[in-house]
Amino acid sequence: METDNDEIEVQIKNGVIEIYEDLLRTVWAKIVPTLGTVTVVTIVQRAIDRTGKDHPVLNYLSTAENGLSFDLIREHLGDEERVELREAFKDLIANLFDILAKLTGNIIVQQLIKEVDGLELSPEDAR
């Protein structure tokens with residue numbers, strides 16, 4: 001039986017996932033027209049693989065032609081601490097931007113930073 005604290009913790013973790021899901025969907029939508037779906041799937045999967053070595057929870061993310069699927073990661077919310085979940089996604093974003101910068105120079109990354117800077121990411125949601 002879940003306590004109120006357990007339920008609150010799951011809601012907070014869901015909030016963390018929602019923030020990064022929005023961010024990653026925005027990044028995906030912005031780079032697909034330039035790089036193409038197959039390339040973006042490959043790049044994002046590479047970032048997941050690289051980051052998943054240190055943060056196994058990310059191995060529950062999957063890529064497909066239409067974007068990332070967060071279904072499995074939501075099913076395993078109880079497995080991770082919220083701080084670890086947040087750190088995992090931060091590292092994933094850093095690895096994704098690093099791969100993009102190496103492949104394209106900083107052109108795409110600079111544009112992405114401008115685009116995602118406008119997203120409303122409330123720090124309270126990520127706690």
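Phenylalanine 97 is found in helix α4. In this predicted model, the residue is buried, with a relative accessible area of 13%. Leaving aside its neighbours within four places in sequence, phenylalanine 97 is in contact with Val27, Val109, Leu112 and Ile113. Between the C-alpha atoms of phenylalanine 97 and glutamine 110, which are 13 residues apart along the chain, the separation is 9.5 Å.

The wider architecture gives these contacts their setting. The chain has five helices and two strands, and along the sequence they follow the pattern α-α-β-β-α-α-α. Of the 127 residues in the chain, 38% are buried. Contacts between residues at least 6 apart in sequence join residues at least 24 apart in 72% of cases. The chain exposes about 7,500 Å², of which carbon and sulfur atoms supply 49%.

Helix α1 has 32 residues and reaches 45 Å from its first C-alpha to its last, close to the expected 46 Å. Just after α1, glycine 36 takes a positive phi of about 90°. Helix α2 comprises the 16 residues 37-52 and should span 22 Å; its end C-alpha atoms are 22 Å apart, which agrees.

Helix α2 also has a set of buried residues: Val40, Val41, Ile43, Val44, Ala47, Ile48, Thr51 and Gly52. An α-helix has 3.6 residues a turn, so residues three or four places apart point the same way. The buried residues of α2 pack against α1 (4-35), β1 (62-64), β2 (67-69) and α4 (82-104). Where does asparagine 95 lie? Asparagine 95 belongs to helix α4, and it is buried, with a relative accessible area of 17%. Not counting residues up to four places away in sequence, asparagine 95 touches Ala47, Arg50 and Thr51.

The largest nonpolar core has 35 residues, and Ile73, Phe89 and Leu96 touch the most other members. Helices α1, α2, α4 and α5 (107-117) each supply at least two residues of this core, and α1 gives the most, with ten residues. Phenylalanine 89 has a relative accessible area of 0% and is therefore buried. Not counting residues up to four places away in sequence, phenylalanine 89 touches Ile17, Tyr20, Leu24, Leu58, Leu61, Phe70 and Ile73.

The structure holds two aromatic pairs. In one of them, the ring centres of tyrosine 20 and phenylalanine 89 are 5.2 Å apart and the planes lie at 10°, so the pair is stacked. Because tyrosine 20 lies in helix α1 and phenylalanine 89 in helix α4, the pair ties together parts that are 69 residues apart in sequence. Tyrosine 20 counts as buried, at 11% relative accessibility. Phenylalanine 70 and phenylalanine 89 also form a stacked aromatic pair, with 6.2 Å centre to centre and 20° between the planes. Phenylalanine 70 lies in the loop between β2 and α3 (71-75) and phenylalanine 89 in helix α4, so this pair ties together parts that are 19 residues apart in sequence. Both phenylalanine 70 and phenylalanine 89 are buried. Tyr20, Phe70 and Phe89 thus form one aromatic cluster.

Charged side chains provide further links. Side chains of opposite charge can pair when their charged atoms come close. The count of salt bridges comes to five. Among them, arginine 25 meets glutamate 21 at 2.7 Å, N to O; both residues lie in helix α1, four residues apart, about one turn of the helix. Arginine 25 is partly exposed, with a relative accessible area of 38%, whereas glutamate 21 is buried at 12%. Arginine 74 also forms a salt bridge with glutamate 21, the closest N and O atoms being 2.6 Å apart. Arginine 74 lies in helix α3 and glutamate 21 in helix α1, so the pair ties together parts that are 53 residues apart in sequence. Arginine 74 is partly exposed, with a relative accessible area of 27%. Glu21, Arg25 and Arg74 are accordingly linked in a network of salt bridges.

Another salt bridge joins arginine 50 and aspartate 98, with the closest N and O atoms 3.1 Å apart. This pair links distant parts of the chain: arginine 50 is in helix α2 and aspartate 98 in helix α4, 48 residues apart. Arginine 50 counts as partly exposed at 23% relative accessibility, as does aspartate 98 at 29%.

Terms used: Residues numbered from 1 in each chain as written. Predicted model: local features only at pLDDT ≥ 70, side-chain atom pairs only at ≥ 80, totals over all residues. Heavy atoms only, no water. Buried < 20%, exposed > 50% of the residue type's maximum accessible area, 1.4 Å probe, protein only. Contact = heavy atoms within 4.5 Å. Areas by Shrake-Rupley, 256 points an atom, 1.4 Å probe, with all protein chains shown as cover. Expected span 1.5 Å × (residues − 1). Phe/Tyr/Trp six-rings, centres within 6.5 Å; stacked < 30°, edge-to-face > 60°. Core = buried A, V, L, I, M, F, W, Y, C linked by side-chain atoms within 4.5 Å. Salt bridge = Lys/Arg side-chain N within 4 Å of Asp/Glu carboxyl O.
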